[in-house]
Amino acid sequence: MPSYTYGKTLLKVDDVSLEYDGRPILKHVSAEIRDIICTDHVQGQVVGFLGPSGIGKTQLFRIIAGLNKPTTGRVTINGADRPVQAGEVGVVAQDYPLFEHRTVMSNLLIAANQKEKDDKAAHDKVVQYLTEFELIDKARLYPVQLSGGQRQRCAIIQQILCSDHFLLMDEPFSGLDLLMLEKTSELIQKVANLDELNTIIVVTHDITAAAAVADHLWLMGREHDPSGNPLPGSHIAETYDLIERDLCWHPQIITQPRFMDFVREVKDRFRTL
Amino acid sequence: MNQAIEVLSPNRVISKQTVRWMVGFQLVLLFFIWIFSPTVFLPKPKEVLNALNEMWMEGLGGELITSFYLNLQAIALATLLSLGMAYLTVIPFFRPIVTLLSKLRFLSMVGLTFFFTLMATTGHELKLFLLVFSVSVFFVTGMAEVVASIPKEKYDLARTLRMGEWRVVYEVVIIGQADKAFEVLRQNAAMGWMMLTMVEGISRSEGGVGAMLLNQNKHFHLSAVFAIQLTILLLGLAQDYAIGLLRTVVCPYADLTLERK
Ligand SMILES: Nc1ncnc2c1ncn2[C@@H]1O[C@H](COP(=O)(O)OP(=O)(O)OP(=O)(O)O)[C@@H](O)[C@H]1O
Ligand SMILES: [Mg+2]
């Protein structure tokens, strides 16, 4: 097992509830992400966020992003004593929106300039990312001229440039073929490990893909009454620590039987949510 | 032969060369229909040309300039007003006002003349007010619709990039919809010419092609009417082309995804 310790709390979901017209959607959701410290290398954080359809993943996602306000409770980042605000947490939405009226370069510059006021420094940073993610020759194109994968990378860079190390991704694996799925997983881990504090939350239906990429899994579910009917309002029903189980940071982990056992365990739990 | 089939099949993208041939053929066909048409009400090309020549001597050029200038002024003002009003719909307070404005489309221009006559000091002003009003009510309707149909995701993208709400308005609503604004402008600028002749009929002090048209109409000078209509059509086409060109220059991304770009 790799040696590691936990550092300070990076993100805290504190007793968040959400109602629409008196109907509870989220009920007392609490969770936290802590800095994972490995002494010999830079280690970011990846959380896989799973749950059945309609359970409230997107709603919690929007609250963590600061785009929606919860009815009660709050989300804080980096130990700040105020709720998270839109912009502090990067959001990569499912269809990878970009400003269609700006070129790739301009899309990234406008994001970089939000944090880096010095134009030269912002430009250098953008070029560095473009090169790193093999987009440098696309810099002058408009978003509609990009392929799906290029667009995804561009949207990720745009958000990374502007956020405080946090990145939320909604269904990054949906509709991808095997090759693209592996590439996207690699991309997520690469982005996570760009900085010690980088933290990525991946919302997905794909349990295997989530387990392969994440160091922690969150499962969202509902409480059940004695006769087994779900009660309204969901919370995080289960969390899994993959580092503790030594299922993390091994290149070929997904081919190993214990990984498959773990996925089966999560799937069984998933069915009871 | 193959190209003929292409041209007659649905959803075909045809080459520029083929387009040229096809349009040329259609124009020639139209011309022949015109020449050989049995209708007596349709003046022959030669008569139209003669009428055009005659009117040119009588100062058609000057009248055109008068009309063109009036129209340009009206479109510029209407654009400023309508875009301004449409952008203001991001603020809830202004939404009912803009909705009301867009309902004024149903008012007749003749009924407004009296009101605007009281406000205007010159005939030019009266015409300008009438034109600006009647173009704006349509323009603002179209543009407010464009603003209202911007999807939530666009706003969220701007917000996740730490933009304040005013900056969001600038990025998403104003420059983000510039290509659509040009399209709405294009439609409404065309309407300007349609209404121009009407307005110039209401106040004839300055002349203009509209007044000229009504004059010729009264005297049943069909070929002259035809000639003026053709001139207006050509001018309108030029204006349409110019706006389209401007759009391509300012918003090069606009047509990238279209099949028939
Ligand atoms: N604007 C709204 N008004 C009322 N209820 C809403 C609204 N938006 C979402 N909901 C409800 O909130 C619940 C959770 O929705 P959410 O989109 O978060 O589900 P999800 O977990 O993301 O599902 P999926 O995996 O299918 O995307 C759903 O039951 C939905 O009907
Ligand atoms: Mg969802």
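Student: In which strand of chain A is the place of Asp15(A)?
Tutor: In this predicted model, the phi of Asp15(A) is near 50°, a positive value in a residue other than glycine. At 35% relative accessibility, Asp15(A) counts as partly exposed. Its place in chain A is within residues 5-20, that is, in strand S1.

Student: Does Tyr96(A) count as buried or exposed?
Tutor: Tyr96(A) is not a glycine, although its phi is positive, at about 50°. The residue is found in the loop of chain A between strand S5 (89-92) and helix H2 (104-115). Buried means under 20% relative accessible area, and because Tyr96(A) has 11% relative accessibility, it counts as buried.

Student: Why are H2(A) and H4(A) described as roughly parallel to each other, and what is the hand of their crossing?
Tutor: H2(A) and helix H4 (residues 148-162) of chain A pack with their axes 7 Å apart and at an angle of about 20°. Angles under 35 degrees count as roughly parallel, and therefore H2(A) and H4(A) are roughly parallel to each other. The contact is made by residues including Leu108(A) and Ala111(A) of H2(A) and Ile157(A) and Leu161(A) of H4(A), and by class it has 8 nonpolar, 3 polar and 1 charged residues. As for the hand, the crossing of H2(A) and H4(A) is right-handed.

Student: How are H7(B) and H10(B) oriented to each other, and how many residues of their contact are nonpolar?
Tutor: The axes of helix H7 (residues 123-148) of chain B and H10(B) come within 9 Å and cross at roughly 155°; since angles over 145 degrees count as roughly antiparallel, the two helices are therefore roughly antiparallel to each other. H7(B) passes H10(B) in a right-handed crossing. Among the residues that make the contact are Phe138(B) and Phe139(B) of H7(B) and Met191(B) and Met195(B) of H10(B). The residues of this contact include 4 polar and 3 charged, while those that are nonpolar number 15.

Student: Which helices of chain B do the buried residues of H11(B) pack against?
Tutor: In helix H11 (residues 209-218) of chain B, the buried residues are Val209(B), Gly210(B), Ala211(B), Met212(B), Leu213(B) and Gln216(B). H11(B) is followed by Phe220(B), whose phi is positive, near 55°. The helices of chain B against which the buried residues of H11(B) pack are H3 (45-57), H4 (60-88), H10 (178-202) and H12 (222-250).

Methods:
Residues are numbered from 1 along each chain as its sequence is written. Chains are lettered from A and ligands numbered from 1 in the order in which they are written. This is a predicted model: local features need pLDDT of at least 70, side-chain atom pairs count only at pLDDT 80 or more; totals for chains, interfaces and linings use all residues. Side-chain values use heavy atoms; hydrogens and water are left out. Helices (H or I, at least four residues) and strands (E, at least two) are DSSP runs, numbered from the N terminus. Buried means under 20% relative accessible area, exposed over 50%, partly exposed in between (1.4 Å probe, protein chains only). Contact means heavy atoms within 4.5 Å. Axes are lines fitted to C-alpha atoms, for helices over the stretch in contact, and angles run from 0 to 180 degrees between N-to-C directions. Angles under 35 degrees count as roughly parallel, over 145 as roughly antiparallel, 65 to 115 as roughly perpendicular and the rest as oblique. A crossing is left-handed if the near helix is turned anticlockwise from the far one by less than a right angle, and right-handed if clockwise. Ala, Val, Leu, Ile, Met, Phe, Trp, Tyr, Cys and Pro count as nonpolar, Asp, Glu, Lys and Arg as charged, and the others, Gly among them, as polar.
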